[in-house]
Number of protein chains: 4
Amino acid sequence: MLDDLKATVCETNRALPGTGLVQLTWGNVSGIDRDRGIFAIKPSGVDYGELKPGHMVLVDLEGKVVEGELKPSSDTKTHLELYRAWPGVGGVCHTHSPAATALSQAGRELPAFGTTHADHFYGTVPVCRALRPEEVADDYERETGLAIVAHFADHQIDPLAVPAVLQHFHAPFTWGKHARSALDNSVALEMCARMALDAWAIAPSTPALPEHLLDKHFLRKHGPGAYYGQK
Amino acid sequence: MLDDLKATVCETNRALPGTGLVQLTWGNVSGIDRDRGIFAIKPSGVDYGELKPGHMVLVDLEGKVVEGELKPSSDTKTHLELYRAWPGVGGVCHTHSPAATALSQAGRELPAFGTTHADHFYGTVPVCRALRPEEVADDYERETGLAIVAHFADHQIDPLAVPAVLQHFHAPFTWGKHARSALDNSVALEMCARMALDAWAIAPSTPALPEHLLDKHFLRKHGPGAYYGQK
Amino acid sequence: MLDDLKATVCETNRALPGTGLVQLTWGNVSGIDRDRGIFAIKPSGVDYGELKPGHMVLVDLEGKVVEGELKPSSDTKTHLELYRAWPGVGGVCHTHSPAATALSQAGRELPAFGTTHADHFYGTVPVCRALRPEEVADDYERETGLAIVAHFADHQIDPLAVPAVLQHFHAPFTWGKHARSALDNSVALEMCARMALDAWAIAPSTPALPEHLLDKHFLRKHGPGAYYGQK
Amino acid sequence: MLDDLKATVCETNRALPGTGLVQLTWGNVSGIDRDRGIFAIKPSGVDYGELKPGHMVLVDLEGKVVEGELKPSSDTKTHLELYRAWPGVGGVCHTHSPAATALSQAGRELPAFGTTHADHFYGTVPVCRALRPEEVADDYERETGLAIVAHFADHQIDPLAVPAVLQHFHAPFTWGKHARSALDNSVALEMCARMALDAWAIAPSTPALPEHLLDKHFLRKHGPGAYYGQK
């Protein structure tokens, strides 16, 4: 069932260590088939190099495992809530990439300091509040997803325009049209976080880039007027 | 004798350079067979790429070499004292990984700033005091192990809950259930130290993560209620 | 047409990921045949590993595509304006390398802090002003090239002596005698930016190197008295 | 002539890029045959991957090329003066490794902050003064070597105990018993410089490690009482 999706999600998870974003098994990618309402996700705690398409776990939008012999990623319910709330999202990626995680730990949002950021994120990448004791006790990973969704709704941030969040005391989540673009956004986020750390070191009050440059760079890559790439 | 143990310990030492934690021959891993009371450890000053299982040196809990033609790691007696004091430990790893070593040199303990830390270490990773002149003159490497054991006892830190220490002016030691988990804890420690350096740079008074998140992340990976991974 | 040039430009683009300067598809190199007045450039948004010489797009000095089935890099008009203004330039390279991009975002020029810098850049690498809204609306990438050219003219900087610029809020551009030397200058710029970040951290008022050392190092590698290398 | 020496020096130069210490052709290693009074050194500006033993240039202690069709490294006379002054030195290595070069540019000496340093350098790694205009005009690379030798003599530093220097506004030089140990000292110096940058960031007044630990670590690896390694 959904062999192409499992193959793609497997390949994208296998690509994680090569990006330098993950150590050990600290990261997971999923991708969804919107027609079926089923997503494929990495199994929990399995080394990337050992992953095969058949290891991917298929989960429906009620959170039920519909195929797979292994336990899905412990973060599965977070992915689930993002897919449930945001129909335009086709893939989700979670890593503990070092610079973005340092910002998450410090509770520091990531302004759009340059065109690298604007190419992927149409404005500041926000910090989502830490989960409360009762949320952690109840259903931690699901509540994490719900908190992220609520943050974007409350602050009127379009998740397709800013496909990333820094979870306070935890680490980043990113998403995209499909599994690969979710991973690409994790790569972009880590680089932008690294550059921000370096820019802050020499210029603590570095301003965000001007609005017209933010618009130009995001819109030359995204939306109806995009002209970057071959399509 | 103990061929499986020697193979595992050899393989784990050979994995060290690929982790980016060690340069030259600055690191060593050991693993113990608790039934026999014998541990296998890297020989001193041999390049990782040249290591074969037969090079591993077998040492008993009195510190006597019971098999092996090469001299064991110069840090052998430190490993020994950790094994003697802490029966739950099955592997020990020592590296001079750069961020954790910078903290060791600065004498700065590593608070639990995020879930990455909490996944491996149930609270602050402590700094162990420097050895005194008479300890160095007497039996330096053994005294190092004894000082670490005393630090954990004096401060009532459970070494299985916080499987790492920063040795002042020196570098980290980590441990775990077996050689590989000891190495994994060195990887985790280095990443947490790197993230802490970056978090301190932008937020010098970054607080540790809240207690309920520390509990949640450590306990979802460790102990009877753990649900991370496939077991 | 221009098979050697396309092969060289292709190979240089393919070398980009290995330098550590680029992530995803964030970088492009071009090279020009001055006799024909035609340059070859990377196609837009194509992964480096997939590039073949036949994918390179040939563009003349009016900016017209004269060969190639793919769309050229979105930065093509920036390359074009540098070639038009500076007849001594044979190759152009653009990356979002992290340290140089952090400086670009912070709007901080890069003084010649040491001989590493002086070996490649005969003085401070300047920051070029951000583009204005009307320039962005009109013809963004071309205006970027024109702004760089104007900056060098207005400040009387010889582009062959200082073959690099930091575009404010954006990232660096470098150039050289041919595609490969343009890339080499990007490598040098990134290293010098990294070293500057580290030097500023410990000594915020680090001075530039003395004039006589700047002269010596630049001139032992460049110009009629050069004696570095085999030529 | 001296085929073994040329093979070793070639192999050590070829190892440079893999250490992460050099970019482009920014580094060179030499090794000497003390009986013959001849050293082998990398040719100038040749890519490491292309080097073959026959490319190594043989130079005598008067600075005369005695074998080799290529021009020797532009830093040859610096190596020469170190060999002439210090009979115990068997190899010399020069790189522009980023952290050590940042310290060189900032004119900041490197104290012995930990045992990693003490394992290789018996005390502070000094900064050598910049060359004066007349020295640069006269015979720059030779004067660089002479300035280093004079610095060690004037400050009564034993070059075999502290086999490294940070050349102000330039970069590090290291040396050792042979070419490989000279390179190993460059690796150690870069790591110690990196750790120092990180330690200074969190603790600007970090003290050097206590004398008895410096003694212990240097002397367990060097001199008659050494017990590290297999010899």
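Trainee: At about what angle to β1(B) does helix α1 of chain B run?
Mentor: Helices (H or I, at least four residues) and strands (E, at least two) are DSSP runs, numbered from the N terminus. In this predicted model, α1 covers residues 3-15 of chain B and lies across β1 (27-33), β2 (38-41), β3 (57-60) and β4. Axes are lines fitted to C-alpha atoms, for helices over the stretch in contact (heavy atoms within 4.5 Å), and angles go from 0 to 180 degrees between N-to-C directions. On that scale, the angle between α1 and β1(B) is about 160 degrees.

Trainee: What pLDDT do local features need here?
Mentor: Residues are numbered from 1 along each chain as its sequence is written, chains are lettered from A and ligands numbered from 1 in the order in which they are written, and side-chain values use heavy atoms, leaving out hydrogens and water. Totals for chains, interfaces and linings use all residues, side-chain atom pairs count only at pLDDT 80 or more, and local features need a pLDDT of at least 70.

Trainee: Which strands sit at the edges of the sheet in chain B?
Mentor: The sheet is open and has eight strands with mixed pairing, in the order β4-β3-β2-β1-β5-β8-β7-β6. Two strands pair if DSSP finds at least two bridges between them. An edge strand of chain B pairs on one side only, and that describes β4 (65-67) and β6 (127-128).

Trainee: Which residue stands opposite B:V127 in β7(B)?
Mentor: Look at where β6(B) meets strand β7 (residues 164-167): two bridges join them, and they run parallel. Facing B:V127 there is B:L166.

Trainee: And helix α6 of chain B, at about what angle does it run to β8(B)?
Mentor: That helix spans residues 179-202. It lies across β1, β5 (91-95), β7 and β8 (172-176) of chain B, and its angle to β8(B) is about 135 degrees.

Trainee: About how much area is buried between chain A and chain B?
Mentor: The contact draws 32 residues from chain A and 31 from chain B. Buried area is the accessible area (1.4 Å probe) that two parts lose on being put together, summed over both. Carbon and sulfur atoms give 60% of this one, and the total is about 2800 Å².

Trainee: Which residues of chain A lose the most area to chain B?
Mentor: Three residues together account for 24% of what the chain A side buries. They are A:W26, A:Q105 and A:F169.

Trainee: How far apart are the closest N and O atoms of A:D75 and B:R220?
Mentor: A salt bridge is a side-chain nitrogen of Lys or Arg within 4 Å of a carboxyl oxygen of Asp or Glu. The rule finds three between chain A and chain B. A:D75 and B:R220 form a salt bridge, with their closest N and O atoms at 3.7 Å.

Trainee: Which element gives the largest share of the side of chain A that touches chain B?
Mentor: The interface has 15 residue pairs in polar contact, both at pLDDT 80 or more. That means N or O atoms within 3.5 Å; within protein, one must be able to donate a hydrogen and the other to accept it, and residues adjacent in sequence count only if both atoms are side-chain atoms. On the chain A side, α3 (98-106), α5 and α6 each supply at least two residues. The largest share, six residues, comes from α3(A).

Trainee: About how much area do chain D and chain C bury?
Mentor: Chain D brings 32 residues to this contact and chain C brings 31. Carbon and sulfur atoms give 60% of the buried area, which comes to about 2800 Å².

Trainee: How far apart are the nearest C-alpha atoms of chain A and chain D?
Mentor: Chain B and chain C have no contact, their closest C-alpha atoms being 11 Å apart. Chain A and chain D don't touch either, and their nearest C-alpha atoms are separated by 11 Å.
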